[in-house]
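Please keep the sequence and the structure in view while reading.

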Amino acid sequence: MDERPVDSPDPTMQQTTSEHAAVGPPQPIHHRAYHGLKKPDNWIQLVKFGAVGASGYVVNLIVYELARKGADVHYLVAAVIAFCVAVLNNFYWNRHWTFDAGDGHAGFQAARFFVVSLVALVFNLVLLKALVAAGVGEFPAQAIAVICVTPVNFIGNKLWSFSGS
């Protein structure tokens, strides 16, 4: 039987044609996740993503406080401004270091990265507003919200923005 690799947009799911024929339709997400977790390269990317995210987190919080207190901007507007600056930081470092995707089309990657980031921003703003309404201070609420949306960012960028890496 032919043992050529079958191309897959998800490198964690590379199979040979004989395996693919035996497996049939695509595996459910929990099977894909299980196989992805067994690959050391994915863990290295996650650690790098975390490091980039930590730098973006610091950038986000600094810009948030500068906008909120220094420029007297409403806390939700400050969160959007901080998001924009942190996205630029994170895109650069994730593209060139985390996912080593510098050979991909920067425009397409940036557009996808921005869409994933916007989805995360929506979750962030909803959570931020809820935490502030529940009595959490604006600064700690932003810190908590950013941490909570990090998994959305990693999964979206790994599987879509930089899927070839």
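This is a predicted model: local features need pLDDT of at least 70, side-chain atom pairs count only at pLDDT 80 or more; totals for chains, interfaces and linings use all residues.

The secondary structure of the protein chain consists of six helices and two strands, and along the sequence these elements follow the pattern β-β-α-α-α-α-α-α. Of the 165 residues in the protein chain, 34% are buried. Among contacts with a separation of 6 or more, 59% are made by residues 24 or more positions apart.

**Packing of H3 and H6**

- Two packed helices are described by the angle between their axes and the distance between the axes.
- For helix H3 (residues 40-70) and helix H6 (residues 138-161), the axes come within 10 Å and cross at roughly 145°, and the crossing in which H3 passes H6 is right-handed.
- On the H3 side, the residues that meet H6 are Asn42, Gln45, Leu46, Phe49, Tyr57, Asn60, Leu61, Tyr64, Glu65 and Arg68.
- On the H6 side, the residues that meet H3 are Glu138, Phe139, Gln142, Ala143, Val146, Ile147, Thr150, Asn153, Phe154, Asn157 and Lys158.
- Sorted by class, the contact of H3 with H6 is made up of ten nonpolar, seven polar and four charged residues.

**Nonpolar cores**

- The largest nonpolar core has eleven residues, namely Val63, Tyr64, Ala67, Tyr75, Ala78, Ala79, Ala82, Leu128, Leu131, Ala141 and Ala145.
- At least two residues of this core are supplied by each of H3, helix H4 (75-98), helix H5 (106-133) and H6, and the largest share, four residues, comes from H4.
- Tyr64 belongs to this core and is also among the H3 residues that meet H6.
- Another core, of ten residues, lies apart from the largest one, and its members include Phe91, Phe99, Ala101 and Phe113.

**Salt bridges**

- The structure holds three salt bridges, and Glu65, Arg68, Lys69 and Glu138 are linked in a network of such bridges.
- Within H3, the side chains of arginine 68 and glutamate 65 form a salt bridge with an N to O distance of 2.7 Å, the two residues being three residues apart, about one turn of the helix.
- Glutamate 65 also meets lysine 69 in a salt bridge, at 3.7 Å from N to O, and this pair likewise lies in helix H3, four residues apart, which is again about one turn of the helix.
- The side chains of arginine 68 and glutamate 138 meet in a salt bridge of 2.8 Å, N to O, and this pair links distant parts of the chain, with arginine 68 in helix H3 and glutamate 138 in helix H6, 70 residues apart.
- Both arginine 68 and glutamate 138 are listed among the residues through which H3 and H6 meet.

**Exposure of the charged residues**

- Arginine 68 has a relative accessible area of 16% and is therefore classed as buried, the cut-off for that class being under 20%.
- Lysine 69 has a relative accessible area of 58%, so that residue counts as exposed, a class that begins over 50%.
- Glutamate 138, with a relative accessible area of 27%, is partly exposed, because that value falls in between the two cut-offs.

Definitions and conventions: Residues are numbered from 1 along each chain as its sequence is written. Side-chain values use heavy atoms; hydrogens and water are left out. Axes are lines fitted to C-alpha atoms, for helices over the stretch in contact, and angles run from 0 to 180 degrees between N-to-C directions. A crossing is left-handed if the near helix is turned anticlockwise from the far one by less than a right angle, and right-handed if clockwise. Contact means heavy atoms within 4.5 Å. Ala, Val, Leu, Ile, Met, Phe, Trp, Tyr, Cys and Pro count as nonpolar, Asp, Glu, Lys and Arg as charged, and the others, Gly among them, as polar. A nonpolar core is a set of buried Ala, Val, Leu, Ile, Met, Phe, Trp, Tyr and Cys residues joined through side-chain atoms within 4.5 Å. Buried means under 20% relative accessible area, exposed over 50%, partly exposed in between (1.4 Å probe, protein chains only). A salt bridge is a side-chain nitrogen of Lys or Arg within 4 Å of a carboxyl oxygen of Asp or Glu.
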